[in-house]
Amino acid sequence: MSRSISTRTGDDGTTALLFGQRVSKDHPQIETIGNLDELSAALGLAKAHCPAAERRTELERVQKDLVALMGEVVCAQSDIERYEKSKFEKLDEAALARLDAGVAAIEAQNVKFDGWATPGANLHAAALDQARTIARRAERRMIALAHQGRTLRPLLLHYINRLSDLLWLMARQAEN
């Protein structure tokens with residue numbers, strides 16, 4: 001017998017954090033995870049509209065990084081030590097270095113832009129801009145978690161900030 005995606009455990013307006021702690025579906029960590037999930041979906045749209053195989057691979061790598069990032073964000077503060085000891089994939093400095101390398105590579109091409117971007121030159125660029133704005137919202141939600149008692153490793157904040165920079169550059173490159 002196959003498992004159903006519909007467990008009905010959320011019918012009461014709650015959902016589970018990583019190790020099972022139940023919280024309201026409007027809990028700040030769940031809101032943050034929702035933003036990061038939305039970002040991954042937007043990256044999927046950008047990937048689907050991307051003509052370059054290398055760029056599609058790069059976007060898919062970012063989506064995989066986001067899974068690791070989301071796993072850490074959805075862990076309760078009281079379960080951090082358990083998470084650190086777990087076998088869950090964790091975002092690392094190499095992931096941040098990949099983003100920095102992507103930024104440097106595009107900047108080395110002297111991509112042209114005039115001030116504030118007006119998204120929509122083509123579907124791929126527009127999808128990248130949409131992903132960028134969702135990344136910025138997710139970043140704001142991640143920062144807000146500290147005010148709710150959930151501290152995040154600085155690397156996670158660095159990653160999401162650099163990702164939005166990279167997405168902005170990718171969108172400008174896609175416009176040209």
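**Figure 1. N122, a partly exposed loop residue.** In this predicted model, N122 has a relative accessibility of 29%, so it counts as partly exposed. You'll find N122 in the loop that runs between α4 (93-108) and α5 (123-145). Setting aside its neighbours within four places in sequence, N122 is in contact with A174 and E175.

**Figure 2. N110 and its positive phi.** Here's another residue from the loop between α4 and α5. N110 isn't a glycine, yet it has a positive phi of about 50°. Is N110 buried or exposed? With a relative accessible area of 59%, N110 is exposed; the cut-off for that label is over 50%.

**Figure 3. A48 in helix α1.** Helix α1 covers residues 28-48, and A48 is part of it. A48 has 64% relative accessibility, so it goes down as exposed. Now look across to L123: A48 and L123 are 75 residues apart in sequence, while their C-alpha atoms are 9.7 Å apart in space.

**Figure 4. L69, buried in helix α2.** This leucine belongs to helix α2, which takes in residues 53-73. L69 comes out at 0% relative accessibility, and because buried means under 20%, it counts as buried. Which residues does L69 touch, if you skip those up to four places away in sequence? They are L36, L91, M142, L156 and Y159. G44 makes a handy landmark as well: it is 25 residues from L69 in sequence, and 17 Å from it in space, C-alpha to C-alpha.

**Figure 5. An aromatic cluster of F19, Y83 and F88.** These three residues form one aromatic cluster. Searching the whole structure turns up 2 aromatic pairs. One of them is Y83 with F88, a stacked pair with 6.1 Å from centre to centre and 10° between the planes.

**Figure 6. Stepping back to the whole chain.** With the close-ups done, here's the setting they come from. The protein chain has 6 helices and 2 strands, and along the sequence they follow the pattern β-β-α-α-α-α-α-α. Its radius of gyration is 17 Å, close to the 16 Å that the globule rule gives for 176 residues, so the chain is as compact as a globular protein of that length. The C-alpha trace spans about 50 × 35 × 30 Å along its principal axes. Of the 176 residues, 41% count as buried. Take the contacts between residues at least 6 apart in sequence, and 75% of them join residues at least 24 apart.

**Figure 7. Surface and charge.** The accessible surface of the protein chain comes to about 10,000 Å², and carbon and sulfur atoms account for 53% of that. How many positive and negative side chains are there? The chain has 24 positive and 24 negative ones, and the centres of the two sets lie 3 Å apart.

Terms used:
Residues are numbered from 1 along each chain as its sequence is written. This is a predicted model: local features need pLDDT of at least 70, side-chain atom pairs count only at pLDDT 80 or more; totals for chains, interfaces and linings use all residues. Side-chain values use heavy atoms; hydrogens and water are left out. Helices (H or I, at least four residues) and strands (E, at least two) are DSSP runs, numbered from the N terminus. The radius of gyration is taken over C-alpha atoms; the globule rule is 2.2 Å times the number of residues to the power 0.38. Buried means under 20% relative accessible area, exposed over 50%, partly exposed in between (1.4 Å probe, protein chains only). Contact means heavy atoms within 4.5 Å. Accessible areas come from the Shrake-Rupley method with a 1.4 Å probe; for residues, only the protein chains shown count as cover. Lys and Arg count as positive and Asp and Glu as negative; His and the chain ends are not counted. The place of a charge is taken as NZ of Lys, CZ of Arg, CG of Asp or CD of Glu. Rings of Phe, Tyr and Trp (its six-membered ring) pair if their centres lie within 6.5 Å; planes under 30 degrees apart count as stacked, over 60 as edge-to-face and the rest as tilted.
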